[in-house]
Amino acid sequence: MTLLKWTDEFNVGIEEVDSEHQELIEMINGLHDVMQVGADYVQVVELLGEIYAQIAAHFAHEEKIMRNAHYPLYEAHKEDHETLLDDLREIMDEVEADGTFDAVALSGDLNRWFIDHFHTHDAKLHRAL
């Protein structure tokens with residue numbers, strides 16, 4: 001069962017950013033899917049690491065676009081990026097430290113994380129650009 005579905009409302013109007021958002025959704029869905037069929041701890045840690053790396057690269061790209069456009073809400077958007085990366089790092093650290101994970105809670109956190117960030121900061125960016 002798919003956790004996140006791409007819809008036109010996720011388009012920000014910048015092809016590269018939209019493509020990166022689609023890739024992130026695919027990665028989050030991939031993690032969700034393997035957890036649904038009984039992924040082990042090693043798989044989850046590996047996939048979380050890949051998601052983290054992709055998100056960090058995406059945020060750096062998005063921040064460059066915002067700086068180049070002199071986006072007035074850059075600082076708040078960047079701060080949310082940093083908070084989200086910190087939150088994801090904490091999730092990863094907990095999974096690694098405990099050696100276990102709660103698939104339902106983890107999927108819920110990733111879903112909420114993507115949707116909340118998009119509907120607040122990315123939606124404003126889309127309107128501004």
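# How the terms apply to this model

Author: The backbone nitrogen of G13 lies 3.3 Å from a polar atom in the side chain of D18. The model is a predicted one, in which local features need pLDDT of at least 70 and side-chain atom pairs count only at pLDDT 80 or more, while totals for chains, interfaces and linings use all residues. Residues are numbered from 1 along each chain as its sequence is written, and side-chain values use heavy atoms, with hydrogens and water left out.

Reader: What makes the approach of the backbone nitrogen of G13 to the side chain of D18 a polar contact?

Author: A polar contact is a pair of N or O atoms within 3.5 Å; within protein, one must be able to donate a hydrogen and the other to accept it, and residues adjacent in sequence count only if both atoms are side-chain atoms. The separation between G13 and D18 is 3.3 Å, so the pair falls within that cut-off.

Reader: Which helix holds D18?

Author: D18 belongs to helix α1, which covers residues 15-36. Helices (H or I, at least four residues) and strands (E, at least two) are DSSP runs, numbered from the N terminus. By that count the protein has four helices and zero strands, and the order of its elements from the N terminus on is α-α-α-α.

Reader: How do you know that the protein is as compact as a globular protein of that length?

Author: The radius of gyration is 15 Å, close to the 14 Å that the globule rule gives for 129 residues, so the protein is as compact as a globular protein of that length. The radius is taken over C-alpha atoms, and the rule is 2.2 Å times the number of residues to the power 0.38. Along its principal axes, the C-alpha trace spans about 45 × 30 × 20 Å.

Reader: Why is H21 called buried?

Author: Buried means under 20% relative accessible area, exposed over 50%, and partly exposed in between (1.4 Å probe, protein chains only). H21, in helix α1, has a relative accessible area of 2%, so the residue is buried. Residues that H21 touches, apart from those up to four places away in sequence, include W6, F10, H58 and D122; such contact means heavy atoms within 4.5 Å. Across the protein, 38% of the 129 residues count as buried.

Reader: Why does H70 count as exposed?

Author: The relative accessibility of H70 is 69%, so H70 counts as exposed. H70 sits in the loop between α2 (41-68) and α3 (74-98).

Reader: What is the phi of H70 near?

Author: Phi of H70 is near 55 degrees, a positive value in a residue other than glycine. Most residues other than glycine have a negative phi.

Reader: What makes K78 and E63 a salt bridge?

Author: A salt bridge is a side-chain nitrogen of Lys or Arg within 4 Å of a carboxyl oxygen of Asp or Glu. The closest N and O atoms of K78 and E63 are 3.9 Å apart, so the pair meets the limit. The two residues link distant parts of the chain, with K78 in helix α3 and E63 in helix α2, 15 residues apart. K78 is partly exposed at 23% relative accessibility, whereas E63 is buried at 10%. Together with E82, these two residues form a network of salt bridges.

Reader: How many salt bridges does a search of the whole structure find?

Author: The search finds five. Among them, D93 and R89 have their closest N and O atoms 2.9 Å apart, and both lie in helix α3, four residues apart, about one turn of the helix. R89 also forms a salt bridge with E96, at 3.6 Å. R89 is partly exposed at 29%, as is E96 at 36%.
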